[in-house]
Amino acid sequence: VCHTLLNRNGSYISEENMTKNMPSLKYRPVLAYIHQLDSGEYDFHGHDIEEYEDENGVIKYKYLERQVGSFTADDPYLEYDKDMDKTYVIATAVIPEEYTMAAEIIKKKKGTKVSCELCIEDFSYNAKEHYLELEDFYFSGTTLLGKNKDGSEIEEGMLGSRLDIYDFSTEKNSIAAHVVENQKLIET
């Protein structure tokens with residue numbers, strides 16, 4: 001979902017603060033704005049918002065991204081990635097194969113970059129190191145990232161943050177095997 005310490009946008013989340021706040025990922029939405037590229041293929045875009053004026057002349061914003069999945073009740077956890085030299089928040093989400101093209105796009109791309117959405121409730125500025133330290137926050141969602149219309153990649157704010165497919169086949173998952181076995185029992 002994201003990583004601890006300093007990220008590309010100049011904010012910083014200590015491992016302690018991440019551990020304290022990452023349970024808020026449970027049941028949060030996985031969002032995406034799916035659009036057609038100049039090449040004709042479909043991909044995700046980013047945090048797409050449309051600005052408009054209401055009947056009273058007040059500027060409002062409409063989110064164009066839609067929910068394409070949801071994080072589960074499984075506890076998120078931290079995992080160190082030696083190749084990236086970063087500690088990442090790992091969480092489980094489900095993306096239905098029906099209703100949107102999201103699962104199809106993810107499979108075709110063999111995963112996709114993501115950008116987490118945080119609602120910051122408390123922070124401080126580290127003047128010596130020149131970063132914003134996020135102390136108290138919650139996850140409001142995670143957005144799937146893809147390409148601009150011209151095919152150029154949209155980069156993630158936290159380098160290496162991505163969504164990958166976890167195989168739920170019966171050969172690789174004891175829970176899936178248990179469900180299949182229960183189904184056989186019910187049919188019998």
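**Reading a predicted fold, feature by feature**

Trainee: When I look at Asn 9, how do I decide whether this residue counts as buried or exposed?

Mentor: Asn 9 counts as exposed because its relative accessibility is 61%, where buried means under 20% relative accessible area, exposed over 50% and partly exposed in between, with a 1.4 Å probe and protein chains only. Keep in mind that this is a predicted model, in which local features need pLDDT of at least 70 and side-chain atom pairs count only at pLDDT 80 or more, while totals for chains, interfaces and linings use all residues. Residues are numbered from 1 along each chain as its sequence is written, and side-chain values use heavy atoms, with hydrogens and water left out.

Trainee: Where does Asn 9 sit along the chain, and how far is Asn 9 from Met 158 in sequence and in space?

Mentor: Asn 9 belongs to the loop that runs between strand 2 (5-6) and strand 3 (11-13); helices (H or I, at least four residues) and strands (E, at least two) are DSSP runs, numbered from the N terminus. Although 149 residues separate Asn 9 from Met 158 in sequence, their C-alpha atoms are 8.1 Å apart.

Trainee: What does the protein look like when I step back, and how many helices and strands does the protein have?

Mentor: The protein has three helices and 15 strands, and 35% of its 188 residues count as buried. If you take the contacts with a separation of 6 or more, residues 24 or more positions apart account for 63% of them.

Trainee: How should I read the pairing of strands, and which way do strand 13 and strand 14 run?

Mentor: Strands of a sheet pair through backbone hydrogen bonds, either parallel or antiparallel. Two strands are said to pair if DSSP finds at least two bridges between them. Here strand 13 and strand 14 run antiparallel and are joined by 12 bridges, with Leu 118 having Phe 139 in strand 14 as its bridge partner. These two strands form a hairpin with four residues between them, and His 130 in the turn has a positive phi of about 60 degrees.

Trainee: Which strands run parallel to strand 14 (residues 131-144)?

Mentor: Strand 3 runs parallel to strand 14 and is joined to it by two bridges, with Tyr 12 and Glu 133 as bridge partners. Strand 4 (residues 29-32) also pairs with strand 14 in the parallel sense over two bridges, and Val 30 stands opposite Thr 142 there.

Trainee: What is the order of the strands in the open sheet of three strands, and why is one side of strand 1 and of strand 10 left without a neighbour in the sheet?

Mentor: The order is 1-11-10, and the pairing is antiparallel. Strand 1 (2-3) and strand 10 stand at the edges with a single partner strand each, so one side of each has no neighbour in the sheet. Strand 10 (residues 77-81) pairs with strand 11 (residues 86-90) over five bridges, and Tyr 80 stands opposite Thr 87. Strand 1 and strand 11 are joined by two bridges, with Cys 2 and Val 89 as bridge partners.

Trainee: How do I read salt bridges, and how many are there?

Mentor: Side chains of opposite charge can pair when their charged atoms come close. The count comes to nine salt bridges, each being a side-chain nitrogen of Lys or Arg within 4 Å of a carboxyl oxygen of Asp or Glu. In one of them, Lys 108 pairs with Glu 41, and their closest N and O atoms are 3.8 Å apart. Lys 108 lies in helix 2 (residues 102-109) and Glu 41 in the loop between strand 5 (34-36) and strand 6 (42-44), so this pair ties together parts that are 67 residues apart in sequence. Lys 108 counts as exposed at 61% relative accessibility, whereas Glu 41 counts as partly exposed at 30%.

Trainee: Which residues are linked with Lys 113 in a network of salt bridges?

Mentor: The network links Arg 8, Lys 113, Glu 155 and Glu 156. Within it, the side chains of Lys 113 and Glu 156 meet in a salt bridge of 3.7 Å, N to O. Lys 113 lies in strand 13 and Glu 156 in the loop between strand 14 and strand 15 (162-163), so the pair ties together parts that are 43 residues apart in sequence. Glu 156 is buried, with a relative accessible area of 5%.

Notes. Contact means heavy atoms within 4.5 Å.
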